[in-house]
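Good morning, and thank you for making time on the agenda.

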Amino acid sequence: MGKIVLASSSPRRQFILKQNNYVFEIIPSPYVEDHSRTDFSYDFIESLAENKARAVLPLIHEPCKIIGADTIVVLNKKILGKPHTRENAIKMLQSLSGKTHTVVTAIAVIDSESQICRKISTTSDVEFFPLTTEQIKYYVDNFKPFDKAGSYGIQEMPEGYIKSYSGSLDNIIGICPNALKKVL
(Lines give C-alpha, C1' and ligand atoms only; values in the text may rest on other atoms or scores of the structure.)
Protein backbone atom coordinates (compact mmCIF):
# COMPACT_ATOMS: atom_id res chain seq x y z
CA MET A 1 0.00 0.00 0.00
CA GLY A 2 2.91 2.36 0.62
CA LYS A 3 3.19 5.27 2.97
CA ILE A 4 0.00 6.82 4.37
CA VAL A 5 -0.37 10.40 5.62
CA LEU A 6 -3.38 11.45 7.68
CA ALA A 7 -4.16 15.12 7.00
CA SER A 8 -5.85 15.53 10.37
CA SER A 9 -4.97 16.22 13.98
CA SER A 10 -8.18 14.51 15.17
CA PRO A 11 -7.33 12.12 18.02
CA ARG A 12 -10.51 10.19 17.21
CA ARG A 13 -9.47 9.53 13.59
CA GLN A 14 -5.95 8.61 14.69
CA PHE A 15 -7.34 6.13 17.22
CA ILE A 16 -9.60 4.46 14.62
CA LEU A 17 -6.74 4.13 12.12
CA LYS A 18 -4.43 2.64 14.77
CA GLN A 19 -7.20 0.31 15.93
CA ASN A 20 -7.46 -0.96 12.32
CA ASN A 21 -3.69 -1.52 12.08
CA TYR A 22 -2.86 1.33 9.72
CA VAL A 23 0.67 2.68 9.93
CA PHE A 24 0.60 6.38 9.11
CA GLU A 25 2.23 9.76 9.59
CA ILE A 26 0.23 12.76 10.78
CA ILE A 27 0.47 16.06 8.92
CA PRO A 28 -2.42 18.28 10.03
CA SER A 29 -4.00 20.04 7.07
CA PRO A 30 -3.49 23.80 6.87
CA TYR A 31 -6.76 24.10 4.93
CA VAL A 32 -9.15 26.63 6.48
CA GLU A 33 -12.75 25.42 6.25
CA ASP A 34 -15.57 27.67 5.11
CA HIS A 35 -18.23 27.49 7.82
CA SER A 36 -20.71 29.84 6.17
CA ARG A 37 -22.55 27.11 4.26
CA THR A 38 -25.46 25.47 6.05
CA ASP A 39 -27.20 23.49 3.28
CA PHE A 40 -26.06 19.88 3.09
CA SER A 41 -24.76 18.17 -0.04
CA TYR A 42 -22.43 15.22 -0.53
CA ASP A 43 -20.44 17.24 -3.09
CA PHE A 44 -19.80 19.92 -0.47
CA ILE A 45 -18.56 17.60 2.27
CA GLU A 46 -16.46 15.56 -0.18
CA SER A 47 -14.85 18.76 -1.47
CA LEU A 48 -13.95 19.70 2.13
CA ALA A 49 -12.24 16.33 2.62
CA GLU A 50 -10.41 16.68 -0.71
CA ASN A 51 -9.32 20.26 0.06
CA LYS A 52 -7.90 19.12 3.40
CA ALA A 53 -5.85 16.41 1.66
CA ARG A 54 -4.75 18.68 -1.23
CA ALA A 55 -3.49 21.32 1.22
CA VAL A 56 -0.99 18.74 2.52
CA LEU A 57 0.39 17.88 -0.96
CA PRO A 58 3.04 20.69 -0.93
CA LEU A 59 4.32 19.35 2.40
CA ILE A 60 4.98 15.85 1.02
CA HIS A 61 8.46 14.82 -0.13
CA GLU A 62 7.97 11.14 -0.94
CA PRO A 63 5.28 9.02 -2.62
CA CYS A 64 2.29 8.40 -0.38
CA LYS A 65 -1.47 8.35 -0.06
CA ILE A 66 -2.93 11.38 1.73
CA ILE A 67 -6.16 10.91 3.68
CA GLY A 68 -8.43 13.90 4.19
CA ALA A 69 -11.72 13.56 6.07
CA ASP A 70 -14.60 15.68 7.24
CA THR A 71 -17.52 14.75 9.51
CA ILE A 72 -20.73 16.74 9.70
CA VAL A 73 -24.03 16.46 11.52
CA VAL A 74 -27.16 17.10 9.44
CA LEU A 75 -30.58 17.91 10.86
CA ASN A 76 -33.45 18.71 8.49
CA LYS A 77 -30.99 19.06 5.56
CA LYS A 78 -29.01 21.72 7.48
CA ILE A 79 -25.39 21.33 8.60
CA LEU A 80 -24.69 21.64 12.32
CA GLY A 81 -21.01 22.50 12.51
CA LYS A 82 -18.70 22.87 15.49
CA PRO A 83 -20.25 25.10 18.12
CA HIS A 84 -17.04 26.79 19.40
CA THR A 85 -18.96 28.36 22.34
CA ARG A 86 -20.97 27.06 25.29
CA GLU A 87 -24.08 28.94 24.17
CA ASN A 88 -23.95 27.46 20.64
CA ALA A 89 -23.31 23.96 22.01
CA ILE A 90 -26.39 24.20 24.23
CA LYS A 91 -28.53 25.43 21.31
CA MET A 92 -27.33 22.62 19.04
CA LEU A 93 -28.02 19.91 21.60
CA GLN A 94 -31.47 21.40 22.24
CA SER A 95 -32.17 21.15 18.49
CA LEU A 96 -31.08 17.47 18.48
CA SER A 97 -33.04 16.53 21.61
CA GLY A 98 -35.67 13.87 20.93
CA LYS A 99 -34.85 13.74 17.21
CA THR A 100 -33.00 11.60 14.70
CA HIS A 101 -30.22 13.24 12.72
CA THR A 102 -27.65 12.09 10.19
CA VAL A 103 -23.86 11.98 10.54
CA VAL A 104 -21.89 12.01 7.29
CA THR A 105 -18.16 11.47 7.02
CA ALA A 106 -16.46 12.09 3.69
CA ILE A 107 -13.04 10.61 2.99
CA ALA A 108 -10.74 11.74 0.19
CA VAL A 109 -7.53 9.88 -0.62
CA ILE A 110 -5.00 11.52 -2.93
CA ASP A 111 -2.09 9.67 -4.51
CA SER A 112 0.81 12.13 -4.15
CA GLU A 113 2.44 11.02 -7.41
CA SER A 114 -0.56 11.00 -9.78
CA GLN A 115 -2.58 13.50 -7.68
CA ILE A 116 -5.65 11.41 -8.46
CA CYS A 117 -8.28 11.72 -5.76
CA ARG A 118 -10.81 9.07 -4.77
CA LYS A 119 -13.72 10.07 -2.54
CA ILE A 120 -16.41 8.27 -0.58
CA SER A 121 -19.04 9.30 1.97
CA THR A 122 -20.59 7.20 4.70
CA THR A 123 -23.91 8.00 6.36
CA SER A 124 -25.15 6.95 9.81
CA ASP A 125 -28.21 8.00 11.81
CA VAL A 126 -28.33 8.90 15.50
CA GLU A 127 -31.44 9.32 17.64
CA PHE A 128 -31.30 11.28 20.89
CA PHE A 129 -33.63 10.76 23.82
CA PRO A 130 -35.53 13.93 24.78
CA LEU A 131 -32.95 15.79 26.89
CA THR A 132 -33.56 18.12 29.81
CA THR A 133 -31.82 21.50 30.03
CA GLU A 134 -29.87 20.11 33.00
CA GLN A 135 -28.64 17.12 30.97
CA ILE A 136 -27.53 19.38 28.13
CA LYS A 137 -25.69 21.82 30.41
CA TYR A 138 -24.08 18.93 32.30
CA TYR A 139 -22.76 17.43 29.06
CA VAL A 140 -21.51 20.76 27.67
CA ASP A 141 -19.86 21.81 30.94
CA ASN A 142 -18.20 18.44 31.61
CA PHE A 143 -17.26 17.29 28.08
CA LYS A 144 -16.70 20.66 26.38
CA PRO A 145 -17.72 19.54 22.86
CA PHE A 146 -16.76 22.84 21.23
CA ASP A 147 -14.62 21.19 18.52
CA LYS A 148 -17.14 18.47 17.64
CA ALA A 149 -19.67 18.63 14.82
CA GLY A 150 -23.18 18.83 16.28
CA SER A 151 -21.77 19.55 19.76
CA TYR A 152 -21.23 15.97 20.85
CA GLY A 153 -19.00 12.93 20.66
CA ILE A 154 -21.04 9.72 20.67
CA GLN A 155 -18.16 7.81 22.29
CA GLU A 156 -18.31 9.99 25.41
CA MET A 157 -22.06 10.50 25.81
CA PRO A 158 -23.36 9.42 29.21
CA GLU A 159 -26.13 6.84 29.44
CA GLY A 160 -29.58 8.28 28.76
CA TYR A 161 -28.57 10.64 25.93
CA ILE A 162 -28.39 8.44 22.80
CA LYS A 163 -31.51 6.35 22.17
CA SER A 164 -30.10 4.50 19.15
CA TYR A 165 -27.87 4.69 16.10
CA SER A 166 -27.71 2.88 12.79
CA GLY A 167 -24.76 2.48 10.49
CA SER A 168 -21.08 2.62 11.38
CA LEU A 169 -20.23 3.81 14.90
CA ASP A 170 -16.69 4.63 13.71
CA ASN A 171 -18.23 6.82 11.02
CA ILE A 172 -20.09 8.77 13.70
CA ILE A 173 -16.87 9.08 15.71
CA GLY A 174 -14.83 10.33 12.75
CA ILE A 175 -13.93 7.85 9.97
CA CYS A 176 -15.38 4.58 8.67
CA PRO A 177 -12.66 1.92 8.29
CA ASN A 178 -14.59 0.00 5.60
CA ALA A 179 -15.01 3.14 3.50
CA LEU A 180 -11.33 4.03 3.97
CA LYS A 181 -10.29 0.58 2.83
CA LYS A 182 -12.35 1.00 -0.38
CA VAL A 183 -10.71 4.30 -1.37
CA LEU A 184 -7.18 3.24 -0.42
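Let me begin with a term: a salt bridge here is a side-chain nitrogen of Lys or Arg within 4 Å of a carboxyl oxygen of Asp or Glu. What you see is a predicted model, in which local features need pLDDT of at least 70 and side-chain atom pairs count only at pLDDT 80 or more, whereas totals for chains, interfaces and linings use all residues. Residues are numbered from 1 along each chain as its sequence is written, and side-chain values use heavy atoms, with hydrogens and water left out.

Under that rule, Glu156 forms a salt bridge with Lys148, and the closest N and O atoms are 3.8 Å apart. For exposure I use relative accessible area: buried is under 20%, exposed is over 50%, and partly exposed is in between, with a 1.4 Å probe and protein chains only. Glu156 is partly exposed, at 21%, while Lys148 is buried, at 10%. The pair belongs to a network of salt bridges that links Arg12, Asp147, Lys148 and Glu156.

Lys119 is partly exposed, with a relative accessible area of 39%, whereas Glu50 is buried, at 15%.

In the other, Lys65 meets Asp111, the closest N and O atoms being 3.0 Å apart. Lys65 lies in strand 3 (residues 65-75) and Asp111 in strand 5 (residues 100-111), so the bridge ties together parts 46 residues apart in sequence. Here both Lys65 and Asp111 are buried.

I turn now to the helices. In helix 1 (11-19), the buried residues are Arg13, Gln14, Ile16 and Leu17. Seen down the axis of helix 1, they fall within an arc of 165°, so they line one face of the helix; the arc is that of the directions from the helix axis to the C-beta atoms. On the other side of helix 1, Pro11, Phe15 and Lys18 are exposed. With contact taken as heavy atoms within 4.5 Å, the buried residues of helix 1 pack against strand 1 (4-6), strand 2 (25-26), strand 3, helix 5 and helix 6 (177-183). Helix 1 is followed by Asn21, whose phi is positive, near 65°.

What are the buried residues of helix 4 (residues 133-143)? They are Ile136, Tyr139 and Val140. Viewed down the axis of helix 4, these residues fall within an arc of 95°, so they line one face of the helix. As a reminder, an α-helix has 3.6 residues a turn, so residues three or four places apart point the same way. The buried residues of helix 4 pack against helix 3 (86-96). Lys144, which follows helix 4, has a positive phi near 45°.

Two loop residues also have positive phi. Lys77, not a glycine, has a phi of about 65° and sits in the loop between strand 3 and strand 4 (78-80). Ser151, likewise a residue other than glycine, has a phi near 75° and is found in the loop between helix 4 and strand 7 (162-166). Are these residues buried or exposed? Lys77 is exposed, at 68% relative accessibility, and Ser151 is buried, at 0%.

Finally, the pocket. On a 1 Å grid over the protein atoms alone, a pocket is an open set of points where a 1.4 Å probe fits, with protein on both sides within 12 Å along at least five of seven lines; lining residues have an atom within 4 Å of a point. The largest pocket has a volume of about 780 Å³, a volume being the space filled by probe spheres set on the points. Of its 38 lining residues, the closest to its centre are Glu33, Lys52, Asp70, Lys82 and Asp147. The largest share of the lining, 5 residues, comes from strand 3.

Terms used:
Helix = DSSP H or I, 4+ residues; strand = E, 2+ residues; numbered from the N terminus.
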